[in-house]
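This briefing goes through one structure, topic by topic. Please look at the sequence and the 3D view before reading the points below.

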There are 2 protein chains.
Amino acid sequence: MGAVVPNKQVLFKDYVVGFPKESDMVVTAGEITLRLPEDAGNSVLVKSLYLSCDPYLRSFMSKLVGSNAQSFVPGKPIFGFGVAKVLESKYPDHKEGDLVWGTIGWEEYSIIKEPQNLFKMKYTDLPLSYYTGILGMPGLTAYAGFFEICAPKSGESVYVSAASGAVGQLVGQFAKLHGCFVVGSAGSKEKVDLLKNKFGFDDAFNYKEESDLNAALKRYFPEGIDIYFENVGGAMLDAVLLNMKKNGRIAVCGMISQYNLEKAEGVFNLIHVLLKSIRMVGFQAFDHYHIYPKFVEETHRLIKEGKIIYVEDIVEGIENAPAALIGLFKGRNVGKQVVVIAPE
Amino acid sequence: MGAVVPNKQVLFKDYVVGFPKESDMVVTAGEITLRLPEDAGNSVLVKSLYLSCDPYLRSFMSKLVGSNAQSFVPGKPIFGFGVAKVLESKYPDHKEGDLVWGTIGWEEYSIIKEPQNLFKMKYTDLPLSYYTGILGMPGLTAYAGFFEICAPKSGESVYVSAASGAVGQLVGQFAKLHGCFVVGSAGSKEKVDLLKNKFGFDDAFNYKEESDLNAALKRYFPEGIDIYFENVGGAMLDAVLLNMKKNGRIAVCGMISQYNLEKAEGVFNLIHVLLKSIRMVGFQAFDHYHIYPKFVEETHRLIKEGKIIYVEDIVEGIENAPAALIGLFKGRNVGKQVVVIAPE
């Protein structure tokens, strides 16, 4: 018999249409027995350390999205990427005391029934929260999206939207290290300053201050854009299409401007995909999981050498997780949004 | 001194907004001296045999399109792909009597100032008009678009819009020869019959009879579409996006539904590019000119072996060229639209 301890959880209330609210989630004070049941199969019991707030979680709040649809279950905890410590394991790859990252519940303690979705950490000499970001899924997204999808050449012009977010800040820095000219956009002066002064983008602008996105892009890219790292969609994509160069590449990583709309915005300039022989590729980090070892080794080295800067926006306490998640869609976070559940 | 002979020309009247009309072109009865002037540089004088009517010519009627914009010049002859016979040449690669294909003027005799845009014919044991289609630019478009852009696998599901046109009919047949399941759409019963009974598509439908394109595609592709060969754009693309499978590929070859609109239709379902990791690639045949020799050898063999059928819609006389071109946008042609200028 294990000890019975409090276990706060963030439960999903019901499917969301339109803009999600904090009240679409409920934080409850439950309990858990810190022992896997006899019939637990190959489950793993973990203690949650960090939760990751990522824009793609919005799609799990809708009842149906595309063919590979996955949704949260009303009345059950939200789930997503996180960092955790193994308390007990019936799965041979993980043992008590292991630090892992992967899909966990939004709760203080979580029984993971699909432990193949938990990954070992290769390095523990950096903040463990980095595995929700630069060393985890968003990092792999930036790396695979930029290097595999965009096939960048030194000297090319790169535009990144939502550029101060978990993925955008890394894409910009990978692009600079690769010898590209990089401009980013974000939604506040603070974020724009971060892009220019901390992440080393060549330039950056606040898209909320631009009444004409096409004109803004022409100002920053008078010769046009070779590579667009798409995190936004809608009107931004439309303006970018007008400014792409021949043989341009668009890595479609996210479309955060569209997630909360009941009806998506139209995109009107797709003829430019044809006129300019543009390659536009949607992707997900785990399509490229085979390059994770190479990615994590290289990125760890770049961090240690001070060649990559990483900014997190850290919120304390599971009670604040719903607000942190909603904040993403309002652009409240500055850098990667993380929630600390327990000290390491 | 060369002989002075009549030279009918199709002149471009002025830039077009919206749907083009026959009266946007004028057929004039001019004259030409059948001798290159002394200062003709490396020009080539040709006699036109066949003119090719292709949807992309619409873009040359607008004042400005994209970064690689090229337009017809008001008061000058229309130009486009054609088949011709060399009468005189100051360009070392071509000599009197050569049969060539490439960019020529819409006129009975044409002085070609960029003779590098004229290509030799590798085979002359098929109708020469084939070099405006199956052995020329549309053929290379179908071949490169399908094999290079779509990277098809045997057993995959392929959807082709505008499927009875010069490119579509070939894509469908290449896909069948490759072991794919192929469905095409077109705009009349006659064309649908052609797809099913002559070109060997697995199935075909008349898009004009479908009030709900999404439902139509679900009927023909209950498991979804792996490869979409896009000739249409707009609402068709929107419906296709809903029906693409994970890791689907879209070769953007044309968007004929959009060329004559003053404002393009919006496309609302691009989020599926992300959700399904779709690769959407705009291309032009000449991006892939390096594979022309392989393409023409293989396609010539397939025609000779009776494994590929090719249907042309042939109109006689340069006077009828404007109507033939406009007819493309009304879907009047059945098969590749060609205009005969002179017998071989």
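Chain B can be laid on chain A with an RMSD of 0.0 Å by a turn of 180° and a shift of 0.0 Å along the axis, where copies are superposed by least squares on the C-alpha atoms of residues with pLDDT of at least 70 in both. The two copies are therefore related as by a two-fold rotation axis. This is a predicted model, in which local features need pLDDT of at least 70, side-chain atom pairs count only at pLDDT 80 or more, and totals for chains, interfaces and linings use all residues. Residues are numbered from 1 along each chain as its sequence is written, chains are lettered from A and ligands numbered from 1 in the order in which they are written, and side-chain values use heavy atoms, with hydrogens and water left out.

**The two copies**
- Gly266(B) is the residue of chain B that comes closest to the rotation axis, with its C-alpha at 2.2 Å.
- The copies meet through the same surface, because 100% of the interface residues of chain B are also interface residues in chain A.

**Two helices of chain A**
- Helix 1 (residues 137-149) and helix 2 (residues 168-177) of chain A pack at an angle of about 45°, and their axes are 9 Å apart. Here helices (H or I, at least four residues) and strands (E, at least two) are DSSP runs, numbered from the N terminus.
- That angle makes helix 1 of chain A oblique to helix 2 of chain A; angles under 35 degrees count as roughly parallel, over 145 as roughly antiparallel, 65 to 115 as roughly perpendicular and the rest as oblique.
- From helix 1 of chain A, Gly139(A), Ala142(A), Tyr143(A), Phe146(A) and Phe147(A) meet Leu170(A), Val171(A), Phe174(A) and Ala175(A) of helix 2 of chain A (contact means heavy atoms within 4.5 Å).

**Pro115(B)**
- Pro115(B) lies in the loop between strand 6 (109-112) and strand 7 (118-120) of chain B.
- Pro115(B) is buried, with a relative accessible area of 0% (buried means under 20%, exposed over 50%, partly exposed in between, with a 1.4 Å probe and protein chains only).
- Not counting residues up to four places away in sequence, Pro115(B) touches Asn42(B), Val44(B), Tyr91(B) and His94(B).

**Leu242(B)**
- Leu242(B) belongs to helix 5 (residues 235-243) of chain B, and counts as partly exposed at 30% relative accessibility.
- Leu242(B) and Asn214(B) are 28 residues apart in sequence and 7.2 Å apart in space, C-alpha to C-alpha.
- Leu242(B) touches Asn214(B), Lys218(B), Asn269(B), His272(B) and Lys276(B), not counting residues up to four places away in sequence.

Methods. Axes fitted to C-alpha atoms, helices over the stretch in contact; angles between N-to-C directions.
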